[in-house]
Amino acid sequence: MLRERILSLATEMFQTFGLKAVSMDDIAKKVGISKRTLYEIFSSKDELLTCCIRNIQEKSVSEIETLVKDSSKDFVEMILGILFILTKDMRKVNTLFFVDLDRYNFRSAFELNEVKTTEKRNKFVAMLQRGVDEGYIIPDIDLELTADIFFSKNMHLTTLLRRTSQVAVVDLVNNLFLLHFRGISTLKGVERIDTLVAEMKKSINKQ
């Protein structure tokens, strides 16, 4: 369908060049349609961007929900699996995509991102409780406060990207994620994280 083709190509352009650099005219030319046709399907760039972000999030959420339901994986395997899902496509994303989303007035897209963050935060608390139950997370910490701290760090990701533009988004996310989880883990959890991360690095190096 034309709508899906527009979303696919627009997402690719936004992530490659940043949001501000890509105009509706650019997108129409890339898709091979008139700008009028594009505006008949998406009334504004903000609406188009919001739909692109929703598609990205829905895909990630679907994959994460499937992973969380997999009872064969322990808490640490689940967390590292989520990290893989969140970062697997990030190496091709220009840091300007995140910086522009924060800097410019793309209100619908920004508000959608905020709503999704609240939903993810609530599910995150439940996952942390699973980590406590399995003996990987320190039992005497405030899980809701821990989740708030984690998502607060995520919200400042664009600030870090502005200051360290030479650092890839995926590397920032990896370090933020692993630093946070190692900090709230029991000795058993730290050992499990380090073992699985080492195995993942070996697997990547063999590819």
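Colleague: What makes E134 partly exposed?

Modeller: E134 has a relative accessible area of 27%, and since buried means under 20% and exposed over 50%, with partly exposed in between (1.4 Å probe, protein chains only), E134 is therefore partly exposed. Please keep in mind that this is a predicted model, in which local features need pLDDT of at least 70 and side-chain atom pairs count only at pLDDT 80 or more, whereas totals for chains, interfaces and linings use all residues. Residues are numbered from 1 along each chain as its sequence is written, and side-chain values use heavy atoms, with hydrogens and water left out.

Colleague: How do you know that E134 and R130 meet in a salt bridge?

Modeller: A salt bridge is a side-chain nitrogen of Lys or Arg within 4 Å of a carboxyl oxygen of Asp or Glu, and for the side chains of E134 and R130 the distance from N to O is 3.1 Å, so the pair meets the definition. A search of the whole structure finds 9 salt bridges.

Colleague: Why can the pair D74 and R192 be said to tie together parts of the chain?

Modeller: Their side chains meet in a salt bridge at 2.9 Å, N to O, and because D74 lies in the loop between helix 4 and helix 5 while R192 lies in helix 11, the pair ties together parts that are 118 residues apart in sequence. Helices here are DSSP runs (H or I, at least four residues), numbered from the N terminus.

Colleague: Is D74 called buried or exposed, and why?

Modeller: D74 has 14% relative accessibility, so it counts as buried, whereas R192, with a relative accessible area of 24%, is partly exposed.

Colleague: Why is Q15 called buried?

Modeller: Q15 counts as buried because its relative accessibility is 15%. Q15 has its place in helix 1 (residues 2–17) and, leaving aside neighbours within four places in sequence, is in contact (heavy atoms within 4.5 Å) with I56, K92, V93, N94 and F97.

Colleague: What makes a group of residues a nonpolar core?

Modeller: The term covers buried Ala, Val, Leu, Ile, Met, Phe, Trp, Tyr and Cys residues joined through side-chain atoms within 4.5 Å. The largest such core has 27 residues, and F75, V76 and M78 are among those with the most contacts inside it. Helix 5 gives the most to this core, with 8 residues.

Conventions:
Helix = DSSP H or I, 4+ residues; strand = E, 2+ residues; numbered from the N terminus.
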